[in-house]
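Dear colleague,

Please find below the structure that I am handing over to you. My notes on it follow directly after.

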Amino acid sequence: MNVRAVAAQVIYQVVDQGQSLSSALPPAQQKVAPRDGALLQEICYGVLRWLPRLEAITQSLMDKPLKGKQRVFHHLILVGLYQLGFMRIPAHAAVAETVDATKVLKKPQLRGLINAVLRNYQRNQEALDIAAVSHDAGKYGHPGWLLKLLQNAYPDQWESVVDANHEKAPMWLRVNRSHHTRDSYRALLDDAGIATELHPEAADALKLAAPCDVTALPGFSDGWVSVQDAAAQLSVDYLQPQANELILDCCAAPGGKTCHILEHQPTAKVVAMDVDATRLKRVEENLSRLNLNAQVICGDARHPQDWWKGEQFDRILLDAPCSATGVIRRHPDIKWLRRADDIAQLASLQSEIMDAMWAQLKSGGTLVYATCSITPQENGEQVKAFLARTNDASLETGTLDAPGRQILPGQDNMDGFYYAVLKKA
């Protein structure tokens, strides 16, 4: 199928229907030729990164918006504008392919409209681009509530966070130390012509100079290596699993951290729990590929009595449900799917889960609270409130005024992440 037509459909599903990009894009990629999969992804990610700017330009070029059954063609215009404004595709090819998409979308009568809008943008691009960035949404590509949150939380850093959210995320690898050291696997990548960089802190991490298909990675199918951001790899350093311990990975899907724990401590007895049965299949697939064993349980973390009858855990990694505002560069749809009131609701859920998990932790045990969020309500403020109501909890990272560690997007090329280590008396 025409790549632009498929892209317009995906963006329609995300923006108008509220689907996540991670659910809408993979089936769409099956509709296009394999060689066009990367192009489809680039267009979808790009339109969602710069949605307000493209919307502002579209509004300037049209007398009235396309609505109802014609709504997908509004998104087709956004697809065309993104190609002309941000990509290196020759303008004539971008316009022609976008206009041709009207046939695939079964509205060839809109061919003239789409062509006229895109040609008009070409003729007046400089002025239209300037006008589109005259307001904060168009300039920064973030919804107003999120921009304000970032400005309040990070008055000196918010612009760098916004810039990092617009960058393409690097591809990080986690070397399975039960097969190779990081340096020995790096040598295999060098031999394969795959350039890498080290991380200053994550001991198993390698960043590819350029992303590649996992099939090009030596021994991927044999479990020698996995794809995981360096920030997520730090979880094992904070958890510090020991031999033969009983460890819970709470909210474990898709299982990267579960596997990393077992790569460090093969004798640990690890329980991987998540509320989403579908996503737990990914945990089992990852365990299988890496030839690792864990007990996989589907359950609600707020009610452990419903799924756990065993003894208390030595260590718990609580990778809590969160706003995912630290991984916007990987999931630009988060900006448009999240709402301001989601943060308070998520913070309430996190609070419930923390209390429930604390009761499942042995005396002297360690709980690592983690999110891929950068909102204070879900992170530092959450931990402060927990410490205030929990007499037998002590903080091992940060200070009581600034508990835990907040990693911001782009820091050492990592995703945004938060960690707090809590010890039970």
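Leaving aside its neighbours within four places in sequence, with which residues is glycine 256 in contact? They are Arg174 and Gln228, where contact means heavy atoms within 4.5 Å.

Before the remaining findings, a word on their basis. This is a predicted model, in which local features need pLDDT of at least 70 and side-chain atom pairs count only at pLDDT 80 or more, while totals for chains, interfaces and linings use all residues. Residues are numbered from 1 along each chain as its sequence is written, and side-chain values use heavy atoms, with hydrogens and water left out.

The annotated site

The unreviewed UniProt entry places a "binding site" feature at Cys251, Ala252, Ala253, Pro254, Gly255, Gly256, Lys257, Asp274, Asp300 and Asp319. UniProt positions are given in the numbering used here, feature names are shortened, and annotations may be inferred rather than shown by experiment. The same record carries the annotation "domain: SAM-dependent MTase RsmB/NOP-type" for residues 161–425. That span is 30% helix and 23% strand, and its end C-alpha atoms lie 37 Å apart. Helices (H or I, at least four residues) and strands (E, at least two) are DSSP runs, numbered from the N terminus.

Several of the annotated residues can be described individually. Cysteine 251 lies in the loop between E5 and H15, and its phi is near 65°, a positive value in a residue other than glycine. At 15% relative accessibility, cysteine 251 counts as buried; buried means under 20% relative accessible area, exposed over 50%, and partly exposed in between, with a 1.4 Å probe and protein chains only. Glycine 256 belongs to helix H15 (residues 256–264).

Aspartate 274 is part of strand E6 (residues 269–274) and is buried, because its relative accessibility is 6%. Beyond its neighbours within four places in sequence, aspartate 274 is in contact with Cys251, Ala252, Ala253, Arg279, Leu280, Ile297, Cys298 and Gly299. A polar atom of the aspartate 274 side chain lies 3.3 Å from the backbone nitrogen of alanine 252.

Two strands pair if DSSP finds at least two bridges between them. Strand E8 (residues 313–319) and E9 run parallel and are joined by six bridges. E9 also pairs with strand E12 (residues 417–424), in the antiparallel sense and over six bridges; here threonine 366 stands opposite lysine 423 in E12. Strand E9 (residues 361–371) is mostly covered, with eight of its 11 residues buried.

A further positive phi, near 60°, is found at alanine 324. Alanine 324 lies in the loop between E8 and helix H17 (334–337) and is buried, with a relative accessible area of 15%.

The four-stranded sheet

An open sheet is formed by four strands in the order E2-E3-E1-E4, with antiparallel pairing. Strand E2 (196–198) and strand E4 (225–227) stand at the edges with a single partner strand each, so one side of each is left without a neighbour in the sheet. From one strand to the next the twist averages 35°. Axes are lines fitted to C-alpha atoms, for helices over the stretch in contact, and angles run from 0 to 180 degrees between N-to-C directions.

Strand E1 (residues 172–175) is joined to E4 by three bridges, and arginine 174 has serine 226 as its bridge partner in E4. Helix H12 (residues 182–191) lies across E1, E2, strand E3 (205–208) and E4, running at about 20° to E3.

Aromatic pairs

Rings of Phe, Tyr and Trp (its six-membered ring) pair if their centres lie within 6.5 Å; planes under 30 degrees apart count as stacked, over 60 as edge-to-face and the rest as tilted. The count comes to eight aromatic pairs. The rings of tyrosine 140 and tryptophan 158 form an edge-to-face pair, because their centres are 5.1 Å apart and their planes stand at 70°. Tyrosine 140 lies in helix H9 (residues 136–140) and tryptophan 158 in helix H11 (residues 158–165), so the pair ties together parts that are 18 residues apart in sequence. Both tyrosine 140 and tryptophan 158 are buried. Elsewhere, ring pairs link Trp50, Tyr82 and Phe86 into a cluster.

With kind regards

Notes:
Polar contact = N/O pair within 3.5 Å; in protein donor to acceptor, adjacent residues only side chain to side chain.
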